[in-house]
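Subject: Structure for you, with notes

Hello,

Here is the structure I promised to pass on. My notes follow below it.

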Amino acid sequence: MNKEKVLGYVKQAKEFVLKHKFAVIGAIVALVVAISGWTWYQAQPKSVTSVVEVSFSGYDGYGVLEYNYEDLGNEIARVSFLKAGFSKDQAEELIKGDSVILAEVDSDPYWSAEYSRALAMIGSVSYEFDKTTDLSNGDTIVLKIKTTSNKSPVKKETKKFTVEGLDKVEKISTKEFLEEYPVEFVGYDGYGGMELPEDENGNSIFSYSGDNESNNLKNGDSIELTVSSDFLYQLQEEGKKLESDTVEVEVSGLTSISEVGNLAEALSKNDTYIKSDYENSSSTTYTLEKQKSYISYQTGYYDSSSSGQVYLVSVYKVTTVSKYSDTTVEYVYYGYRYYVKSDNSLDLETANKVSGYETQDLENLIADLETEGYAEYTAKSE
């Protein structure tokens with residue numbers, strides 16, 4: 001192109017600018033404003049809540065929130081890497097943990113510093129829902145995005161979600177519950193005990209409430225039981241809820257202890273038993289005086305479903321006179337535990353011995369027996 005043509009084009013450009021100078025100036029100003037606006041926008045913290053998706057599962061009142069936490073974490077990382085100057089492709093590879101780009105970043109001092117800056121940005125951001133369990137349909141759940149840095153590329157914000165789609169809970173009355181898991185009473189009227197139902201793992205469904213005693217029950221007694229927290233949770237997982245976590249049961253069905261036909265004979269065995277342990281000698285004599293008798297009906301300590309046994313003991317005052325020491329007075333109990341036969345009599349042949357410690361404190365001895373579930377018993381023949 002020759003010099004004359006170039007000069008001609010320059011002249012035409014000058015004439016165009018002079019002729020349309022206001023329009024040109026306006027276009028230049030608009031371009032500067034647009035560039036400035038884009039730069040300002042890029043510098044502002046970015047929202048990340050748009051990627052969050054929530055779902056609700058379970059039963060109304062016990063619902064659980066789940067969300068795509070990996071996507072939210074990746075979006076926070078993506079915004080931070082872009083803010084640090086990495087390209088979109090680089091950011092995606094860094095999120096994936098690509099070993100090649102990580103090596104390239106590590107080998108370049110500039111990008112290594114920017115990578116560290118990006119990690120600091122990511123670490124400054126935290127997020128949480130105000131509630132994720134025990135949800136009910138219609139509840140409003142709030143997601144909070146927080147940051148500890150004023151220079152964070154992630155925007156501080158909240159987003160609300162409404163709980164919906166949870167299944168309806170089946171409510172179970174106390175009556176229905178006790179029909180399915182009945183409490184059974186064993187023993188005798190005034191000396192009764194309870195056998196509590198168990199779950200499929202062998203754990204008791206109930207526990208005693210307050211000051212309730214489980215021994216020496218009589219017909220008509222009212223017992224308050226609390227459903228175990230583990231079983232309540234199990235019901236919750238099945239979409240069921242009890243109308244009350246405590247239930248009240250009335251003791252019934254216990255027969256009279258007097259219907260056991262051979263209690264008097266069993267009591268006489270106690271005298272024989274203690275005499276075998278306190279035999280007089282040339283230097284020592286014993287005086288044995290029966291005080292009171294006590295009875296208890298107990299099941300196995302480790303297996304409440306095992307066959308119960310009647311414990312029948314007598315407390316004796318033992319006076320010991322010795323040629324070589326002072327006379328002493330002590331108290332002790334002796335007796336047996338018996339299985340009950342089908343005819344409601346004690347099996348005397350398979351009885352096992354029961355005895356206690358010697359003590360001068362009669363009241364404490366009786367208190368210990370009562371703690372173990374014994375109650376005072378007076379046979380007609382005594």
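Tyr286 is partly exposed, at a relative accessible area of 26%. The model is predicted, so please read every value here as computed from it. The ring of Tyr286 pairs with that of Tyr278. Their centres lie 5.2 Å apart. The planes meet at 75°, so this is an edge-to-face pair. Tyr278 has a relative accessibility of 9% and counts as buried, the cut-off being under 20%.

Both tyrosines belong to a cluster.

How many aromatic pairs does the structure hold? The count is 19. One of them joins Tyr191 and Tyr377. Here the ring centres are 6.4 Å apart, which is inside the 6.5 Å limit for a pair. The planes stand at 75°, so this pair is edge-to-face.

Where do these two residues sit? Tyr191 is in the loop between strand E7 (184-186) and strand E8 (193-195). Tyr377 is in strand E17 (residues 375-377). The pair therefore ties together parts that are 186 residues apart in sequence. Tyr191 is buried, with a relative accessible area of 12%. Tyr377 is buried too, at 10%.

Now the sheet. Three strands make up an open sheet, in the order E3-E4-E5, with antiparallel pairing. Strands E3 (125-129) and E5 (157-162) stand at its edges. Each has a single partner strand, so one side of each lacks a neighbour in the sheet. From one strand to the next, the twist averages 15°.

How many bridges hold the pairing of E4 and E5? Strand E4 (residues 140-147) pairs with E5 over six bridges, in the antiparallel sense. As one point to look at, Ile141 has Phe161 in E5 as its bridge partner.

Which helix packs on this sheet? Helix H3 (residues 69-83) does, and touches E3 and E4. The direction of H3 makes about 155° with that of E3.

For a quick look, I would start with three places. Go on to the edge-to-face pair of Tyr191 and Tyr377. End with H3 where it packs on the sheet.

Best wishes

Note on methods
Residues numbered from 1 in each chain as written. Predicted model: local features only at pLDDT ≥ 70, side-chain atom pairs only at ≥ 80, totals over all residues. Heavy atoms only, no water. Phe/Tyr/Trp six-rings, centres within 6.5 Å; stacked < 30°, edge-to-face > 60°. Helix = DSSP H or I, 4+ residues; strand = E, 2+ residues; numbered from the N terminus. Buried < 20%, exposed > 50% of the residue type's maximum accessible area, 1.4 Å probe, protein only. Pairing = 2+ DSSP bridges. Axes fitted to C-alpha atoms, helices over the stretch in contact; angles between N-to-C directions. Contact = heavy atoms within 4.5 Å.
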